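Good morning, colleagues. Please look at the sequence and the structure on the screen while I go through them.

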Amino acid sequence: MADRLEADVCVVGAGYAGLTTALRLHQNGKSVVVLEARDRIGGRIWTQHLDDGSPVDRGGAWLAPYHEAIFGLTREFGVSTYKTWVKGSHLLVHGGRIRPYKGLIPKISPLAVLTIALAQARIDRLSKSVPLDEPWTAKRAREWDARSVAWFVEKSGIRTSAGRDLFEMAVRGLFTGDLDDTSFLHLLFLVRAHGSINALFSITNGAQENMVVGGAGIVADRMAAVLGDAVRLSAPVRSVTQGDDRVTIEADGVSVSAHHAVVTVPPALALGIRFDPPLPDDRQTLYTKAVAGPESKTLIVYDEPFWRPDGLSGQSAEPGSTAEVTLDATPASGILGVLASFTFGAVAESAAALAEAERRKSVLDALTARFGAKAASPLAFIETPWWTEEWTKGCSMAHFPPGVLTRYGHLLRQPFGRVHWAGTETSTKSHGAIDGAVLTGERAASEILNGN
Ligand SMILES: Cc1cc2nc3c(=O)[nH]c(=O)nc-3n(C[C@H](O)[C@H](O)[C@H](O)COP(=O)(O)OP(=O)(O)OC[C@H]3O[C@@H](n4cnc5c(N)ncnc54)[C@H](O)[C@@H]3O)c2cc1C
């Protein structure tokens with residue numbers, strides 16, 4: 001028999017959006033129940049503790065200095081952050097050559113560097129005319145939404161194969177899906193939401209500048225501790241039924257009757273919930289099209305960050321390889337050394353098609369070529385192919401194919417009767433990031449508190 005609960009608000013999903021929604025409602029005197037499908041909280045944030053207790057992040061990990069909402073939560077819960085290691089040379093591998101460089105500009109032909117800078121300046125300039133709250137109302141929204149990111153990359157005028165491969169990989173890393181299937185308007189909107197394209201790509205002053213002491217999940221753990229028994233794990237929501245004055249949310253083992261529901265799942269997963277009355281066709285089309293792409297994050301753990309004394313930062317890029325991008329993801333203690341290695345989109349799928357041992361060898365061979373023989377013998381090798389995760393299905397956020405934002409974007413935050421929506425895909429500022437998820441939780445809570 002399912003537990004029958006009553007609450008002012010039922011929140012679906014215990015990622016950063018859901019937990020923030022529930023926390024703010026709870027702090028304002030509302031009773032809440034949070035239903036989470038997984039047997040853990042955090043969603044796309046997944047801090048795992050190694051045998052010695054060191055925290056490593058299998059999902060989202062980095063915070064930009066402009067991520068004010070999540071930094072606000074770190075302060076609220078007494079959590080510290082630390083700077084990502086950037087000292088030493090970064091490595092670009094292309095055409096079998098390893099090219100060390102410092103700062104932002106890799107050692108490729110000056111013409112390639114110049115044309116990449118021009119393409120990025122153009123993106124920054126165009127993004128300034130995209131309204132953050134309603135990108136679909138930009139004067140040129142239709143034109144940009146009819147184009148794909150692949151179209152822009154093709155027309156960007158970037159010179160040399162090293163320049164083109166590097167830029168294509170960097171942009172593919174933002175969306176992880178097929179760039180033919182990602183709207184150019186979405187790229188401009190994303191850039192507007194983060195201030196500049198360099199902010200998205202950078203460590204210093206950018207999206208990869210800070211890590212969280214204790215792992216990115218620690219703030220979520222502390223929010224969940226405040227909510228206590230109100231958070232129900234292993235409770236995938238199956239249906240949401242709206243009546244005249246209440247909404248009933250049925251999950252495995254628990255049924256909640258509430259005044260409002262807040263659904264915070266990634267868009268494609270909303271289609272797995274049966275709504276009565278059903279979601280209108282336009283909203284179903286939005287959720288059918290707004291899918292997230294393949295991305296794999298692999299943590300390679302060593303007994304020390306051996307690359308640092310060798311004058312290497314741990315940051316490397318090799319477009320198309322099984323370790324396309326690496327970053328130093330060493331925990332704050334600095335005792336163990338951790339490299340985070342990423343593959344995106346079609347490259348992630350090809351890597352996943354290899355046998356496990358073959359893929360591991362390919363990644364370690366690539367790291368050994370870049371960082372030396374010590375890279376061959378890690379203590380742990382932890383892979384997370386996020387698109388195969390049942391309750392996420394893709395990374396790191398949904399991308400909008402051409403035509404979707406202008407036709408259906410206005411539905412992203414529009415309540416559906418007693419059902420409100422949060423989650424990073426519904427965010428404006430810091431769209432796609434942890435900070436964006438937190439902001440949507442604050443917004444959804446205030447919608448309900450203000451009776452909107
Ligand atoms: C590999 C990776 C790297 C990333 N790197 C960064 C980074 O460095 N910095 C950054 O800012 N962002 C990063 N991100 C993005 C960031 O993780 C997300 O923006 C953020 O965590 C999204 O939070 P959310 O609450 O909106 O969604 P989610 O975290 O997806 O939460 C939704 C929750 O709903 C649950 N759920 C789904 N269906 C149901 C159902 N039917 N019933 C009940 N529960 C359900 C899920 O289990 C999940 O817990 C990364 C993401 C990934 C995957």
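Helix α12, residues 345-353, lies across β14 (295-302), β17 and β18, and runs at about 110° to β17. The model is a predicted one, in which local features need pLDDT of at least 70, side-chain atom pairs count only at pLDDT 80 or more, and totals for chains, interfaces and linings use all residues. Residues are numbered from 1 along each chain as its sequence is written. Helices (H or I, at least four residues) and strands (E, at least two) are DSSP runs, numbered from the N terminus. Axes are lines fitted to C-alpha atoms, for helices over the stretch in contact, and angles run from 0 to 180 degrees between N-to-C directions. Contact is taken as C-beta atoms, placed from the backbone, within 7 Å.

I turn to the sheet. Its seven strands form an open sheet with mixed pairing, in the order β7-β6-β15-β16-β17-β14-β18; strands pair if DSSP finds at least two bridges between them. β7 (97-101) and β18 (380-385) are at the edges with a single partner strand each, so one side of each has no neighbour in the sheet. On average, neighbouring strands of this sheet are turned by 20° against each other, direction ignored. Within it, β16 (residues 325-328) and β17 (residues 337-344) pair in the antiparallel sense over four bridges, and Asp 328 stands opposite Leu 339 in β17.

Next, a helix pair. How do the axes of α3 and α7 cross? The axes of α3 (residues 110-127) and α7 (residues 184-194) come within 8 Å and cross at roughly 80°. The two helices are therefore roughly perpendicular to each other, a term for angles of 65 to 115 degrees. On the α3 side, Ile 123, Asp 124, Leu 126 and Ser 127 meet Leu 187, Leu 188, Val 191 and Arg 192 of α7. These contact residues divide into five nonpolar, one polar and two charged.

Now the ligand. Of the 41 residues around it, Gly 13, Gly 15, Gly 43, Gly 60 and Ala 433 come nearest, where near means a C-beta atom, placed from the backbone, within 6 Å. α1 (16-27), β14 and α15 (434-449) are the elements that give two or more residues to this shell. The shell divides into 22 nonpolar, 13 polar and six charged residues; Asp, Glu, Lys and Arg count as charged, Ala, Val, Leu, Ile, Met, Phe, Trp, Tyr, Cys and Pro as nonpolar, and the others, Gly among them, as polar.

Finally, Phe 275 lies in strand β13, residues 274-276. Phe 275 is buried, with 20 other C-beta atoms within 10 Å; the cut-off for buried is 20 or more such atoms.

Conventions:
Two residues are in contact if their C-beta atoms, placed from the backbone, lie within 7 Å. A residue is buried if 20 or more other C-beta atoms lie within 10 Å of its own, exposed if 12 or fewer, and partly exposed in between; C-beta atoms are placed from the backbone. Angles under 35 degrees count as roughly parallel, over 145 as roughly antiparallel, 65 to 115 as roughly perpendicular and the rest as oblique.
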